[in-house]
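Welcome, and please take a look at the structure below. The briefing that follows walks through a few of its features, topic by topic.

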Amino acid sequence: MALRTIRIDGDPILTKNCREVTKMTPTLSTLIDDMFETMYDANGVGLAAPQVGILRRIVVIDVTGEDPLVLVNPKIIEQDGEQTGEEGCLSLPGKCGIVTRPMHVKVEAQDRDMNRMIVEAEGLLARCCCHEIDHLDGHMYTEKVEGDLQDVSYDDEDEEIEE
Ligand code: ZN
């Protein structure tokens, strides 16, 4: 496994649409391992492939540090409720902002063996799924932020959620 370089806001790759994965390959499997390593190293809870420069529909998430989740070709098929809270992004270090997201989402995806699965997510996991799937369509949370972006204060840094 290896750390990958996280692309920073302003990099055109973060505005592009990602291609579907039709077949799991050793290269993509290594990418998934590297994405987890890169996400954990940066203290993030989610990372999308374009954030490491790869335009494929792959997301990794772990909101507890003990529940690694790989989503290949994820799609939100149902959503309801609403949550408004602070969100950050590993591609925009040191910043956060207020974003409203659905409270519950149902995500259809494939796992790393390309088996179809459904993930029922709520709260932080739902927020994270929405944030990461937006990356696959070239969108950043800053397009949805309410009010101004804030600087993350160092005192609170351990509590920040960065995706
Ligand atoms: Zn992000």
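Phenylalanine 36 and tyrosine 40 sit four residues apart, about one turn of the helix, and both belong to helix H1 (residues 26-41). Helices (H or I, at least four residues) and strands (E, at least two) are DSSP runs, numbered from the N terminus. This is a predicted model, in which local features need pLDDT of at least 70 and side-chain atom pairs count only at pLDDT 80 or more, while totals for chains, interfaces and linings use all residues. Residues are numbered from 1 along each chain as its sequence is written, and side-chain values use heavy atoms, with hydrogens and water left out.

- Phenylalanine 36 is buried at 10% relative accessibility, whereas tyrosine 40 is partly exposed at 37%; buried means under 20% relative accessible area, exposed over 50% and partly exposed in between (1.4 Å probe, protein chains only).

**Threonine 38 in helix H1**

- Threonine 38 is also found in helix H1, and it is buried, with a relative accessible area of 3%.
- A polar atom of the threonine 38 side chain lies 2.7 Å from the backbone oxygen of aspartate 34.
- Beyond its neighbours within four places in sequence, threonine 38 is in contact (heavy atoms within 4.5 Å) with Ala2, Leu3, Arg4, Ile6, Leu47 and Val52.

**Cysteines**

- The count of disulfides (pairs of cysteine sulfur atoms within 2.5 Å) is zero.
- Cysteine 18 is in no disulfide, and the nearest cysteine sulfur, that of cysteine 89, is 13 Å away.
- Cysteine 18 is buried, with a relative accessible area of 7%.

**Strands E5 and E8**

- Strand E5 (residues 95-101) runs antiparallel to E8, and three bridges join them; two strands pair if DSSP finds at least two bridges between them.
- Lysine 95 stands opposite aspartate 151 in E8.

Definitions and conventions. Polar contact = N/O pair within 3.5 Å; in protein donor to acceptor, adjacent residues only side chain to side chain.
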